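User: Please examine the structure shown here and answer a series of questions on its elements and residues.

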Amino acid sequence: MTDKLCILVCALFKREVAAAIELENFTDVQVVTFPSKCNYPVSPTMNWDNMEQPCQNCSQIHILGNRCLVGFNQAQWKNVQVHKVDQCFYLFATPNLIDQYFKEGAYLLTPGWLARWQKQIKEWQFDKPTAQEFFKESASRLVLLDTGVQAHSKQHLLEFADFVKLPFEILPVGLDYLRLSLSKIVLAWQLEHEQKKSQDMLAQANRQQADYAMTFDLINNLPRLMSEEMVIAEIFELFTMLCAASRLTYVQIINGQVGQVHARSSFGTSTATDLNRFLEFDEDYTWTASGNGFMLRIGRHNGTLGILEIDDMTFPAYKAHYLNLALSIAGVCELAITNARIYQHIKQSEQELKLAKELAESANYAKSQFLANMSHELRTPLNGILGYAQILRLDEDTPPHQQDGLAIIQRSGEHLLTLLNDILDLSKVEAGKLELHPHEFQLPNFLKNIMDIFRLQAEQKSLWFIYENISYENISTLPPYVLADEKRLRQVLINLLGNAIKFTHVGGVAFKVGLLEYMGADRAKIRFQIEDTGIGMSPADLSQIFLPFQQAHSLSNKAEGTGLGLTISKRLVEMMGSELKVESSLGKGTIFWLDLELTLVGQLAEPVAVVLPAMSGFKGEARKILIADDKLENRQMLRDMLVPLGFKVAVAVNGQEAINQYLTFQPEMILMDLTMPIFDGLEATRQIRARTGNAHAPIIIAVSASAFEQDKQRSLEVGCNDFISKPVRLEVLLQYIQTHLGIEWVYETKPMPAETAEPLIGPPSEQAAILYDLAMMGDIKGLREGAVQLEKIDNKYKPFAAELKSLIKGFKVKQIRELVEPFIKI
């Protein structure tokens, strides 16, 4: 029997134990292994009968293990000591650290186990999905206790982590803790021969073990620190405890440049020589000039993060040991500093995003304020211009040449109003405040009326215009009735078709519509496509056509318009859940198309034709209306609209006077401007509502130069019954009066020739809506074409078309609107 110690250990730890024994230079220790039995779910009992044979020449046997010791009978062995640990991982790190990882749900791995992970999975009879499910339920992440002994451990970890689909981290534990554990065993055994020497070595090992325990606790805390300053302070504490150094310096390196300098000493590192010494350092480590310390580079994977100098150690004889310890934990320091910098970068990015958001919100608020002010300032004079144009054109005694002038005034004002509405529409779309209002309508009639209008425009330019019901996958029939925002869809198609005819001089335009597919029982995807043989667009033009106020054509081809049509159309199509697409070749033509998913509905009732007589008053006693507005022209215009119809009218110039007039005049309706001195219209409404009961409450209609939805909502919240946006249209005002006061109008009756004694039969609702839009835009040419088309559709529309032509000849756009509006189905 030789004077040797036999250490019997699991085969998975053979390399680590052998390396630790070799590092400790224990030449009188023999390492023997037994097979690993870390199997799932139950470790079978080890067969120990033949395990003693390789150790029979040793004077003493020490067995290290955990679950593998189940079934071991110590009484059957000679000179044996058993070292049973609660966890085999306790051989490599402190129980506190290991337990902390277990509490966090980590699955701990050793290099030996990872080297045979595929065989282990096979022994567990796991396929890949089963393994992923098992580890997903068992752990939140993988942690490799890297001893630094096995070269391919990190590669094995990457392969295994990818196999089980879990995140991972590497804890560089090294062999120091294992060496200390083995040293305790070996030194205790050697105590029989060299008791004094062994006692000194054991005491040193115990002291170092305690240091390592504290070290691992500090290392465990490092990656959790969120600022680099906190990390550096913790690193200083760590190395002060381990190395007993009186001077520690850390120079921060950011992108190769010196950052902050952290020092724990009586002197700093502010001289150029000191900083240059750190910048010129390009090794992983080196000894200091004093010989009592070392310099260490922090950072390998992410470049140099900083240089750490530890000098003036109390026990310089152990500097090599301290350096090895520092090298083993340098990776953790790198990870902690990297994490802290990433966290600070994220915080800085969040602050920048927050500032950018605040600036954007401020800009949007400023834009909204500008648009609100612009709308108010433009609508106020337009209210007077268009209001009096309407009033004066009602006077049949006005000579024709003056009627023509009034028509020009009204058309010019309405053109300016259209421009303003386009700008506000664009603003609402960008702010997400423009809403769609879908309703049921007949799709074929809707398309036919649009087609009829543009066929006439094409004929005027000697262009061909065709409508084609295109077939996709043998589906050729369009659904008869759909649910959509008819007004906005018409707006998009009129803009696209109008542009196609406007920029086509030779050839023609094709309007193609087809059902692409059914999306279930009550949904269908329909394509609307406009093709022309016009001037086309270059790639540079295509990049600009959807920008506001842009007309992507040369100056010679530049046409009238606000330059907002395509911008608004694109946004409206996107709101409908589709995309407006375009292809074009310069000099050959352009194709626009959009695919809309529409809801299918049942059959709708046909609209009933309405007779439009002339209004002269109302039945019953005179009704009292109060006009509250700080602008004289607005008050006078509304008064001149209402008095000829028999209303009793009083006026107020501010909110306080409106309240006083309400108390004395007792009106049945108040037309309340929202922007007035002393009290604005909102406050005046609040006070009037507070003074009246429901039985005697007047109808209050807010009349505002603002066209924003929030102003309408605010007015309704304080008690207004309805809202009219300036410029005020006479027909809209009278409709509101009829609705809220329940009056019955009296109409003029004029003798008519026998052949025209029958009431006028108006056009279908869709055709009437198009004519109304043309009248709003002052498009006299389009109106003439519409009248001609009506005569061609059916003889019953000829009297209406004749009346329409008469009004067109006198440029009486307002009367045209009044003629057409009753035939529009709301």
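User: In which hand does H17 pass H21?
Analyst: This is a predicted model, and the two helices concerned are H17 (residues 632-642) and H21 (residues 730-741). Where they cross, the sense in which H17 passes H21 is right-handed.

User: Which class of residue makes up the contact of H17 with H21?
Analyst: On the H17 side the contact involves Leu638, Met641 and Leu642, which meet Leu730, Leu733 and Ile737 of H21. No polar and no charged residues take part, and the six residues in the contact of H17 with H21 are nonpolar.

User: Are H17 and H21 roughly parallel or roughly perpendicular to each other?
Analyst: The axes of H17 and H21 lie 11 Å apart and pack at an angle of about 65°. Angles of 65 to 115 degrees fall in one class, and therefore H17 and H21 are roughly perpendicular.

User: How are H13 and H14 oriented to each other?
Analyst: The axes of H13 and H14 (residues 486-502) come within 11 Å and cross at roughly 20°. The crossing of H13 past H14 is right-handed. Since angles under 35 degrees form one class, H13 and H14 are therefore roughly parallel.

User: How many nonpolar residues are in the contact of H13 with H14?
Analyst: H13 and H14 cross at roughly 20°. From H13 the contact draws on Phe446, Ile450, Phe454, Gln457 and Ala458, and from H14 on Glu486, Leu489, Arg490, Leu493, Ile494, Leu497, Gly498 and Ile501. By class, two residues in the contact of H13 with H14 are polar, two are charged, and the number of nonpolar residues is nine.

User: Is serine 462 buried or exposed?
Analyst: Serine 462 sits in the loop between H13 (443-460) and strand S14 (464-471). Its phi is near 60°, a positive value in a residue other than glycine. Because the relative accessibility of serine 462 is 68%, this residue counts as exposed.

User: What is the relative accessible area of isoleucine 678?
Analyst: Isoleucine 678 belongs to the loop between strand S23 (669-673) and helix H19 (681-691). Although it is not a glycine, isoleucine 678 has a positive phi of about 65°. Isoleucine 678 is exposed, and its relative accessible area is 62%.

User: What is the form of the peptide bond from lysine 726 to proline 727?
Analyst: Proline 727 is placed in the loop between strand S25 (722-725) and H21. The omega of the bond from lysine 726 to proline 727 is near 0°, and the bond is cis.

User: Why is H22 described as largely enclosed by the rest of the structure?
Analyst: The end C-alpha atoms of H22 (residues 765-776) are 16 Å apart, in agreement with the 16 Å that its 12 residues should span at 1.5 Å a residue. Among the buried residues of H22 are Glu766, Tyr772 and Met776. H22 is largely enclosed because the buried residues number 11 of the 12.

User: Which residue with a positive phi follows H9?
Analyst: H9 (residues 228-243) has 16 residues and reaches 22 Å from its first C-alpha to its last, close to the expected 22 Å. Buried residues in H9 include Val231, Ile235, Phe239 and Cys243. After H9 comes a residue with phi near 50°, alanine 244.

User: What separates the C-alpha atoms of phenylalanine 618 and glutamate 744?
Analyst: Phenylalanine 618 is part of strand S20 (residues 614-618) and is buried, with a relative accessible area of 11%. Not counting residues up to four places away in sequence, phenylalanine 618 touches Arg623, Leu645, Gly646, Phe647, Ile743, Glu744, Trp745 and Val746. Phenylalanine 618 and glutamate 744 are 126 residues apart along the chain, yet the separation of their C-alpha atoms is 5.5 Å.

User: What is the relative accessible area of glutamate 283?
Analyst: Glutamate 283 is in the loop between helix H10 (272-279) and strand S10 (285-287). Its C-alpha atom and that of leucine 296, 13 residues apart along the chain, are separated by 8.1 Å. Glutamate 283 is partly exposed, with a relative accessible area of 46%.

User: What share of the residues of the protein chain count as buried?
Analyst: The protein chain contains 25 helices and 26 strands. Among its contacts with a separation of 6 or more, residues 24 or more positions apart account for 69%. Of the 826 residues in the protein chain, the share that count as buried is 47%.

Terms used. Residues are numbered from 1 along each chain as its sequence is written. This is a predicted model: local features need pLDDT of at least 70, side-chain atom pairs count only at pLDDT 80 or more; totals for chains, interfaces and linings use all residues. Side-chain values use heavy atoms; hydrogens and water are left out. Helices (H or I, at least four residues) and strands (E, at least two) are DSSP runs, numbered from the N terminus. Buried means under 20% relative accessible area, exposed over 50%, partly exposed in between (1.4 Å probe, protein chains only). The expected span of a helix is 1.5 Å times one less than its number of residues. Axes are lines fitted to C-alpha atoms, for helices over the stretch in contact, and angles run from 0 to 180 degrees between N-to-C directions. Angles under 35 degrees count as roughly parallel, over 145 as roughly antiparallel, 65 to 115 as roughly perpendicular and the rest as oblique. A crossing is left-handed if the near helix is turned anticlockwise from the far one by less than a right angle, and right-handed if clockwise. Contact means heavy atoms within 4.5 Å. Ala, Val, Leu, Ile, Met, Phe, Trp, Tyr, Cys and Pro count as nonpolar, Asp, Glu, Lys and Arg as charged, and the others, Gly among them, as polar.
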